[in-house]
Amino acid sequence: MGFPKKFLWGGATAANQYEGAYNVDGRGLANVDLLPTGEDRRAVVFGEKKMFNFEDGYFYPAQNAIDGYHRYKEDIALFAEMGFKTYRMSISWTRIFPKGDETEPNEKGLQYYEDVFKECQKYGIEPLVTISHFDTPMYLVEKYGSWRNRKMVDFFENYCRTVFTRYKGLVKYWLVFNEINMMLHASFMAAGLYVEDLEEKEAKRVKFQAAHHELVANALAVKLAHEIDPENQVGCMLAGGKHYPYSCDPEDVIFSLLRDREDYFFSDVQARGEYPTYMLKKFENEGIDVRFEEGDTELLKENTVDFISFSYYLTRIGTVNPKAAEETTGNIFNSVKNPYLPSSEWGWQIDPVGLRVTLIELYDRYQKPLFVVENGLGASDTPDENGYIEDDYRIEYMANHIKEMKKAIDIDGVPVMGYTMWGCIDIVSAGSGEMKKRYGFIYVDRDNEGNGTLQRTKKKSFDWYKHVIETNGEELD
Ligand code: P53
């Protein structure tokens, strides 16, 4: 009973939210460097407002983030002190290929990640590496229109071959695209796609064509990873969290089911190796012309992922009842409020049972091992007079989610490989660009405007998580 002996406890970050040093050692400009804070961020993230140059008067938090680029040794030492078995992080594509279409990589970028992986190895921490976490070279965005262009598949393949070859023996767990299903919505942040100048129908076609290119690129990545090192294990990564029907009105039920299917489209292809018939019907019914090249079907079929990973923050509500839909709660997408659940300061509804629901549903759907690679509470922490943060709210959030994950293992028979808590050290928020929305066990002295010493301090949850790992999830309170 309980968590498997080799359960991969850890934490997660992403290059653009952690590293900073956006123009250091030959790194090229990426889409995520150009996401400003403030009111316009959402439109830029969604690809509805083009801001391709740093604009006057805006603040771009990813440029410096928490300077992990220069401080990773100190941070990894703290992760090791908590007993991390794994550290999920991402490679910044533009450190390896600054423009994206070069044939030869940037050695300084390659060396940097080699140093990071060796630092992890020193402590017996297994890296779990995302190849593209909301990260596209700006040069490819401007010259090729990003993922709408088939050429992206070749550039990405070259990038994957380079990192699989270089890090052979240092890394064996890989995720190809972070929250791949977000690219249909947060299109510029997730895939470097802007659609501001397109008609609605054309915007849809472009997004689905880009989605196909990412799915082909994913299959190629799986193929290469397995060829280069049979030890490699590759996962897909989806933004999880299902829709509950608002009521037992069958119209609410079917509405919610169909919304879930939209999210499962990507993992259906990545796990089963073919387009689901519901998506082919959608293309047919809506006249969306998605071009497949010769060999795509076989490539997808033969190169499915080894495991399913996902982020879990919340569940959503589906309803056709306009009255019920009036009361909404915040997130990157507004959604109908669930009256049974409390909300975070940012309006994300807290639902530990929903994690168990998601685990069961994903296992029933795919019968592959699952990996919870993001989960956590974004909150504004206030240090006391000694600079200490008693984040009991975060401990409670995590304990409740881990308990439900344990039930999924013990009662429901779901195989779970590991759990990497999101933002194990405070980083820049992807949705809002704020520093104030903190997830970490480790506090970082930096504010929304970029002021602060960047000093790292352990929160109360640091010692709590250390104990959780020590007891392999047996002692949570
Ligand atoms: P933040 C919403 C909005 C943006 C990214 O989000 C998201 C989500 C949740 O589905 O996905 C992940 O920082 C993402 C991380 C991100 C984390 O959620 O807006 O993979 O990069 O930081 C949390 O609070």
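**Charges, rings and buried faces**

Reply: Let us begin with charges over rings. Arg42 places its charged end over the ring of Phe46, 4.1 Å from the ring centre. Please keep in mind that this is a predicted model.

Me: Over the ring of which residue does the charged end of Lys437 sit?

Reply: That ring belongs to Trp348, and the charged end of Lys437 lies 3.7 Å from its centre.

Me: Which parts does the pair of Phe52 and Tyr194 tie together?

Reply: Phe52 belongs to the loop between α2 (41-45) and α3, and Tyr194 to the loop between α8 (187-191) and α9; the pair therefore ties together parts that are 142 residues apart in sequence. Phe52 and Tyr194 are both buried.

Me: Which residues form one aromatic cluster?

Reply: The cluster consists of Phe3, Phe7, Trp9, Phe79, Phe84, Tyr87, Tyr419, Phe441, Trp464 and Tyr465. Trp464 and Tyr465 lead us to a helix, as they are among the buried residues of α16 (residues 460-470).

Me: Which other residues of helix α16 are buried?

Reply: Ser461, Phe462, Val468 and Ile469 are buried as well. After α16 comes Asn472, which has a positive phi, near 50°.

Me: Which residues touch the most other members of the largest nonpolar core?

Reply: They are Tyr167 and Met405, in a core of 150 residues. Helix α9 (residues 200-228) supplies the largest share of this core, 14 residues. There is also a second, separate core of nine residues, including Tyr173, Leu175, Phe371 and Val373.

Me: With which residues is Tyr167 in contact, leaving aside its neighbours within four places in sequence?

Reply: Its contacts are Ile91, Ile96, Gly109, Leu110, Tyr113, Glu114, Phe117 and Trp174.

Me: Is Gln270 buried or exposed?

Reply: Burial is read from relative accessibility, with under 20% as the cut-off for buried. Gln270 has 3% relative accessibility and is therefore buried. Gln270 is part of helix α10 (residues 250-272). Beyond residues up to four places away in sequence, Gln270 touches Ile180, Leu215, Asn218, Cys236, Thr304 and Val305.

Me: How many disulfides does a search of the whole structure find?

Reply: The search finds zero disulfides. For Cys160, the nearest cysteine sulfur is that of Cys236, 15 Å away, whereas the cut-off for a disulfide is within 2.5 Å.

Me: Which of the two, Cys160 or Cys248, is buried, and which is exposed?

Reply: Cys160 is buried, because its relative accessible area is 0%. Cys248 counts as exposed, because its relative accessibility is 74%, and the cut-off for exposed is over 50%.

Terms used: Residues are numbered from 1 along each chain as its sequence is written. This is a predicted model: local features need pLDDT of at least 70, side-chain atom pairs count only at pLDDT 80 or more; totals for chains, interfaces and linings use all residues. Side-chain values use heavy atoms; hydrogens and water are left out. Buried means under 20% relative accessible area, exposed over 50%, partly exposed in between (1.4 Å probe, protein chains only). Helices (H or I, at least four residues) and strands (E, at least two) are DSSP runs, numbered from the N terminus. A nonpolar core is a set of buried Ala, Val, Leu, Ile, Met, Phe, Trp, Tyr and Cys residues joined through side-chain atoms within 4.5 Å. Contact means heavy atoms within 4.5 Å. Rings of Phe, Tyr and Trp (its six-membered ring) pair if their centres lie within 6.5 Å; planes under 30 degrees apart count as stacked, over 60 as edge-to-face and the rest as tilted. A charge sits over a ring if NZ of Lys or CZ of Arg is within 6 Å of the ring centre and within 35 degrees of the ring normal.
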